[in-house]
Structures are given as structure tokens and as C-alpha cells.
Amino acid sequence: MANTAQSKKRARQNEARFAVNKMRRSRIRTHLRQVEEAIASGDAKAAQEALKAAQPELMRGVTKGVMHKNTAARKMSRLAARVKAVG
């Protein structure tokens with residue numbers, strides 16, 4: 001448990017940061033799920049639109065430090081290939 005004023009403040013900051021990052025991760029996952037659902041439905045136009053919406057969310061996650069750059073790039077690459085295969 002935090003004893004000093006500094007460590008108590010750090011604990012508060014960590015909780016706040018955790019909540020923000022959790023929200024960002026959730027938002028990214030939602031966009032990825034929408035792309036997956038569009039691919040599963042076989043609708044090429046919807047899949048393309050969903051991918052276009054998901055890409056900035058993934059990159060925003062990278063700049064905000066929620067996910068690693070290569071992880072986001074890998075996810076985008078794999079999704080783009082699957083969307084291309086649908087169309």
C-alpha cells in the first residue's frame with residue numbers, strides 16, 4: 001500500500017491512466033469487431049468502410065501508447081488482406 005504522498009499520487013495517476021487506456025482499447029476492439037462482422041457477412045463495401053474507420057483508431061492507439069506499432073501494423077495488414085479477399 002502507498003505510504004508517502006508521492007506514492008499515493010502515483011497510485012491515483014495510475015488508476016486514471018488505466019481507465020483512459022481501457023476505454024481506448026475497448027474502442028479499438030469495437031472497430032476491429034465491426035470489420036470482422038462485415039467480413040463474415042460477405043459485404044465487401046461494408047467491410048471496406050469498416051476497415052477505413054478502424055485504421056485511424058488503431059494508429060491512434062499506437063500514438064497514445066496503448067499498443068505497439070508493429071502489433072497495429074500486423075492487425076491492419078491481416079484485416080486488409082481479408083477484406084480484399086471478400087471483394
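Predicted model: local features only at pLDDT ≥ 70, side-chain atom pairs only at ≥ 80, totals over all residues.
**The overall outline**

Now hide the surface and show the chain as a cartoon. You will find three helices and zero strands, so the pattern along the sequence reads α-α-α. Turn the view to the principal axes, where the C-alpha atoms fill a box of roughly 60 × 20 × 15 Å. The radius of gyration of the chain is 17 Å, whereas a compact globule of 87 residues would have one near 12 Å.

Colour the chain by burial: 24% of the 87 residues are buried. Then go to the largest nonpolar core, which has 15 residues; select V35, I39, L58, L79 and V83, the members that touch the most others in it. Which elements give two or more residues to this core? They are α1 (5-41), α2 (44-63) and α3 (69-86).

Zoom in on V35 and show what surrounds it. Setting aside residues up to four places away in sequence, V35 touches A50, L51, A54, L79 and V83. While contacts are on display, widen the view to the chain again: of the contacts between residues at least 6 apart in sequence, 56% join residues at least 24 apart.

Move on to H31, which you will find in helix α1. Is H31 buried or exposed? H31 is buried, because its relative accessible area is 15% and the cut-off for burial is under 20%. Show its partners too: apart from neighbours within four places in sequence, H31 is in contact with A53, A54 and E57.

For the last stop, select S77 in helix α3. With a relative accessible area of 47%, S77 counts as partly exposed, because that class runs between the 20% limit for buried and the 50% limit for exposed. Finally, draw a distance from S77 to H31, C-alpha to C-alpha: the two are 15 Å apart in space and 46 residues apart in sequence.

Definitions and conventions:
Residues numbered from 1 in each chain as written. Heavy atoms only, no water. Helix = DSSP H or I, 4+ residues; strand = E, 2+ residues; numbered from the N terminus. Rg over C-alpha atoms; globule rule 2.2 N^0.38 Å. Buried < 20%, exposed > 50% of the residue type's maximum accessible area, 1.4 Å probe, protein only. Contact = heavy atoms within 4.5 Å. Core = buried A, V, L, I, M, F, W, Y, C linked by side-chain atoms within 4.5 Å.
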